[in-house]
Amino acid sequence: MHGYFALLALPGVKRFWAAGFLARFPNAMMGMAVTVLISGLYRQYSLAGKVSATMAIASAIGAPLIARLIDRHGQSRVGRPVLGMLTLSAALLTLFALLRLPQWTLIVAGALTGGLGLQFGTLVRTRWNGLLNDYARIHRAFSLESVADDICFVIAPSVAAALGTSVAPASAMFVAVALLLVGGFLFLAQRDTEPTPSPRQPGMGAHPAATALASAPVAVAFIAVGVIFGANSIAMVAMCEALGAKW
């Protein structure tokens with residue numbers, strides 16, 4: 001453990017790592033939070049699945065585009081307005097559900113929420129890359145990040161389910177939005193560890209078609225993983241409700 005403690009002792013690391021952990025926690029909450037929100041208010045798991053699927057597809061489209069802007073213009077410059085719009089869209093999704101508005105409004109709000117999603121785990125890893133200059137320490141830092149991701153995806157859905165079924169259907173979304181807002185702005189406010197933007201130079205990088213072809217097998221594998229995660233969050237809640245113990 002000494003190696004991990006040594007990494008966290010580096011100047012500025014504890015602050016951006018803690019804020020990044022807080023900001024990525026809502027990403028792991030959101031899927032379950034949407035499920036308990038919509039199933040609790042509309043009594044329709046099919047609608048919950050549609051909104052969750054829309055969010056996932058929109059995220060797959062929007063995340064690379066936002067990441068490219070961040071690479072070229074900086075995390076805080078791009079991240080702050082995106083975070084503001086993301087918080088607003090998630091709040092609108094919650095409000096539309098509370099008002100029992102037509103289904104299409106939830107799907108539109110879900111698409112905006114997914115498409116504006118900031119991948120804080122990736123932003124944290126980019127800061128590690130900028131701070132560390134040798135492979136061994138970068139490898140150790142990324143191992144630490146994997147543990148942080150796993151902790152979030154084990155605990156956050158349980159927290160969302162407990163809030164959404166024991167307190168109120170919308171409570172999990174309220175908590176997720178609050179954590180996202182606080183953690184996100186605390187993270188993006190730390191300019192001393194922010195990586196330097198790298199504007200694209202003419203002719204830099206591989207041809208888009210070649211890049212897409214090379215990444216296709218990985219994309220197929222992750223689509224399969226996404227199907228498992230997406231279906232599981234809906235199916236488990238529906239099964240538990242059928243057994244009379246939705247919590």
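**Loop arginines, nonpolar cores and aromatic pairs**

At 47% relative accessibility, arginine 100 counts as partly exposed, because the value falls between the 20% limit for buried residues and the 50% limit for exposed ones. The structure described here is a predicted model. Arginine 100 is found in the loop between H4 and H5, and its phi is positive, about 55°, although the residue is not a glycine. A positive phi in a residue other than glycine is also seen at arginine 43, where the angle is about 60°. Arginine 43 has its place in the loop between H2 and H3. Its relative accessibility is 54%, which is over 50%, so arginine 43 counts as exposed.

In soluble globular proteins, nonpolar side chains tend to be buried together. The largest nonpolar core of this model has 33 residues, of which Val34, Ile38, Val51, Leu93, Leu106 and Met173 touch the most other members. At least two residues of this core come from each of the helices H2 (13-42), H3 (45-73), H4 (75-98), H5 (103-115), H7 (135-166), H8 (171-188) and H9 (208-242). Helix H2 provides the largest share, twelve residues. Which residues does leucine 106 touch, leaving aside those up to four places away in sequence? The partners of leucine 106 are Ile38, Tyr42, Leu47, Val51, Leu93, Phe96 and Ala97. Apart from this core lies another one, of 27 residues, with Leu8, Trp17, Val124 and Phe187 among them.

Aromatic rings come next. A pair of aromatic rings is described by the distance of the centres and the angle of the planes. A search of the whole structure gives four aromatic pairs. In one of these, the ring centres of tryptophan 17 and phenylalanine 21 are 5.9 Å apart and the planes meet at 25°, so the pair is stacked; the cut-off for stacking is an angle under 30 degrees. Both tryptophan 17 and phenylalanine 21 belong to helix H2, where four residues, about one turn of the helix, separate them. Phenylalanine 21 has a relative accessible area of 22% and is partly exposed. The rings of phenylalanine 21 and phenylalanine 25 have their centres 6.5 Å apart and their planes at 40°, so this pair is tilted. Phenylalanine 21 and phenylalanine 25 both lie in helix H2 as well, again four residues apart, about one turn of the helix. With a relative accessible area of 13%, phenylalanine 25 is buried, because the value is under 20%. Trp17, Phe21 and Phe25 together form one aromatic cluster. Elsewhere, a charge is placed over a ring: arginine 127 lies over the face of phenylalanine 187, at 4.2 Å from the ring centre.

What of the cysteines? A disulfide is a covalent bond between the sulfur atoms of two cysteines. By the distance rule, the count of disulfides in the model is zero. Cysteine 152 is buried, with a relative accessible area of 1%, whereas cysteine 240 is partly exposed at 23%.

Is serine 52 buried or exposed? Its relative accessibility is 18%, so serine 52 counts as buried. A polar atom of the serine 52 side chain lies 2.9 Å from the backbone oxygen of alanine 48. Not counting residues up to four places away in sequence, serine 52 touches Gly31, Val34, Thr35 and Ile234. Val34 is also listed with the residues of the largest nonpolar core that touch the most other members.

Two further positions complete the picture. Arginine 68 lies in helix H3 and, at 48% relative accessibility, counts as partly exposed. Between its C-alpha atom and that of phenylalanine 185 there are 20 Å, for a separation of 117 residues along the chain. Glycine 226 is found in helix H9, and its relative accessibility of 37% makes it partly exposed. From glycine 226 to glutamate 241 the separation is 15 residues in sequence and 23 Å in space, C-alpha to C-alpha.

Technical notes. Residues numbered from 1 in each chain as written. Predicted model: local features only at pLDDT ≥ 70, side-chain atom pairs only at ≥ 80, totals over all residues. Heavy atoms only, no water. Core = buried A, V, L, I, M, F, W, Y, C linked by side-chain atoms within 4.5 Å. Buried < 20%, exposed > 50% of the residue type's maximum accessible area, 1.4 Å probe, protein only. Contact = heavy atoms within 4.5 Å. Phe/Tyr/Trp six-rings, centres within 6.5 Å; stacked < 30°, edge-to-face > 60°. Lys NZ or Arg CZ within 6 Å of the ring centre and 35° of its normal. Disulfide = S-S within 2.5 Å. Polar contact = N/O pair within 3.5 Å; in protein donor to acceptor, adjacent residues only side chain to side chain.
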